[in-house]
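I opened a new notebook page for this chain.

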Amino acid sequence: MAIIQGIQGFIAAMRLSSSIRLCVAAALGCGAVLAYAGAPLVADGVPAWSDEPPVVARLIEAGYRAERSVPELAAARYCAAARAGSVEGQYRLGRLYLAGRGVARQTAVAATLLGAAARGGHEGAQALLAASPLAPADALPDCLYDTASISTDERDEVVPYEVVDRFVQALPGDKRRHALLVQRLAPRFAVDPRLALAIVRTESNFDAAAVSPKNAQGLMQLIPETAERFGVRNALDPEQNLRGGLAYLRWLLKQFEGDVALAAAAYNAGEGAVARHGGVPPYAETEEYVRRVLAFYRSSRHHAPDGGLAAVPAPARG
């Protein structure tokens with residue numbers, strides 16, 4: 001249902017009034033359409049690690065894998081993602097229409113898709129239109145109306161390492177160093193580094209100096225009680241913070257038998273709140289937190305490295 005609503009919203013947004021079209025024309029420019037036919041215009045490599053719904057992220061990744069060898073399949077996957085409202089899908093499909101790869105070259109369709117992605121905040125689309133402005137258009141490809149072919153693939157697969165690694169390598173300075181430290185330490189606690197990165201990204205966005213209004217501190221936002229419980233003396237020290245947070249996350253994964261949603265909810269709201277509510281507590285902050293972690297990790301089950309979470313000790317309590 002959410003995907004169908006996304007399609008309807010996207011199509012409605014594309015049916016712009018004439019006055020809005022004039023605004024778009026002013027924003028994009030009305031220069032001559034460049035001749036891209038036959039150009040090797042492919043998308044920008046491994047897709048970004050985003051918190052889009054996992055089914056949409058998988059469609060984009062499948063399109064990326066197919067783009068050079070079977071561009072027709074890539075176009076179909078990108079179109080399915082675009083129908084769900086993905087600006088990344090709109091951008092990548094627009095590039096294919098601009099180049100005539102996997103689809104017939106249609107610059108009006110390309111302009112419509114790239115314009116939609118640009119208005120949705122996609123920096124690649126904005127840069128492409130700024131560098132080589134297309135005449136604004138209101139032409140949608142037929143595939144956007146083909147709701148019957150939408151993928152409902154709900155495989156419970158973790159985000160690919162290549163997507164996460166590209167994200168880590170693109171981080172600036174200290175954030176990259178902290179993310180690499182997460183990747184190094186997580187396996188020592190039998191925690192999948194991709195889940196650990198998803199938690200840290202959601203908690204602090206790799207800012208070791210982050211302090212919340214509730215005095216949660218550091219990369220994994222440890223409150224003083226949790227820091228003491230797991231032997232952390234200085235929660236603003238990146239390695240100490242990660243060791244304490246990973247120990248807590250490992251314990252939660254053991255407690256909730258590898259259920260990522262429950263472990264994430266407990267990390268955010270406390271294991272007591274999860275126990276009282278018999279599941280994810282109905283708190284807006286916690287529900288959004290769990291949504292983001294699951295979107296980043298993409299699997300509802302933890303995939304522990306090196307044999308799982310056996311023999312996890314209970315934390316010390318003061």
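**Entry 1: the second largest pocket**

I found that P47, A48, S50, E52, A57, I60, E61, V87, E88, H122 and R298 line the second largest pocket. I noted what a pocket is: on a 1 Å grid over the protein atoms alone, it is an open set of points where a 1.4 Å probe fits, with protein on both sides within 12 Å along at least five of seven lines. Lining residues have an atom within 4 Å of a point. Rolling a probe the size of a water molecule over the atoms shows where empty space is left.

Before going on, I wrote down that this is a predicted model, where local features need pLDDT of at least 70, side-chain atom pairs count only at pLDDT 80 or more, and totals for chains, interfaces and linings use all residues. Residues are numbered from 1 along each chain as its sequence is written, and side-chain values use heavy atoms, with hydrogens and water left out.

I looked up the volume of the second largest pocket, and it is about 150 Å³. A volume here is the space filled by probe spheres set on the grid points, which are joined across faces, edges and corners. Which helix gives the most to this lining? It is α3, with three residues. Both α3 (54–66) and α5 (87–99) supply at least two lining residues each. Helices are DSSP runs (H or I, at least four residues), numbered from the N terminus.

I sorted the lining by class and got five nonpolar, two polar and four charged residues. For these classes, Ala, Val, Leu, Ile, Met, Phe, Trp, Tyr, Cys and Pro count as nonpolar, Asp, Glu, Lys and Arg as charged, and the others, Gly among them, as polar.

**Entry 2: the largest pocket**

I then turned to the largest pocket, with a volume of about 510 Å³. It has 21 lining residues. Nearest its centre lie A216, I223, Y267, N268 and E285. By class, I recorded 11 nonpolar, seven polar and three charged residues in this lining.

Three helices each supply at least two lining residues: α10 (193–203), α13 (260–269) and α15 (284–297). The largest share, four residues, comes from α13.

**Entry 3: helix α13 and its cover**

I stayed with α13. How many of its 10 residues are buried? Seven are, so I call the helix mostly covered. Buried means under 20% relative accessible area, exposed over 50%, and partly exposed in between (1.4 Å probe, protein chains only). The buried residues are V260, A261, A263, A264, A265, A266 and Y267. Their cover includes α10, α12 (238–255), α14 (271–277) and α15.

T286 lies in α15. T286 is buried, at 2% relative accessible area. Leaving out residues up to four places away in sequence, T286 touches A265, N268, A269, V280 and P281. Contact means heavy atoms within 4.5 Å.

V274 lies in α14. V274 is buried too, with a relative accessible area of 3%. With residues up to four places away left out, V274 touches F256, L262, A265, A266, G279 and P281. The C-alpha atoms of V274 and F256 are 9.9 Å apart, and the two residues are 18 apart in sequence.

**Entry 4: the disulfide**

I found one disulfide in the structure. The term stands for a pair of cysteine sulfur atoms within 2.5 Å. The disulfide joins C79 to C143, with S to S at 1.8 Å. C79 lies in helix α4 and C143 in the loop between α7 (123–131) and α8 (161–170), so the pair ties together parts that are 64 residues apart in sequence. The torsion about the S-S bond is about 95 degrees, so the disulfide is right-handed.

Are the two cysteines buried or exposed? C79 is buried, at 0% relative accessible area. C143 counts as partly exposed, because its relative accessibility is 23%.

**Entry 5: a loop residue and the whole chain**

I checked S69, in the loop between α3 and α4 (71–83). S69 counts as exposed, because its relative accessibility is 59%.

Last, I looked at the whole chain. It has 15 helices and zero strands. Of its 318 residues, 50% count as buried.
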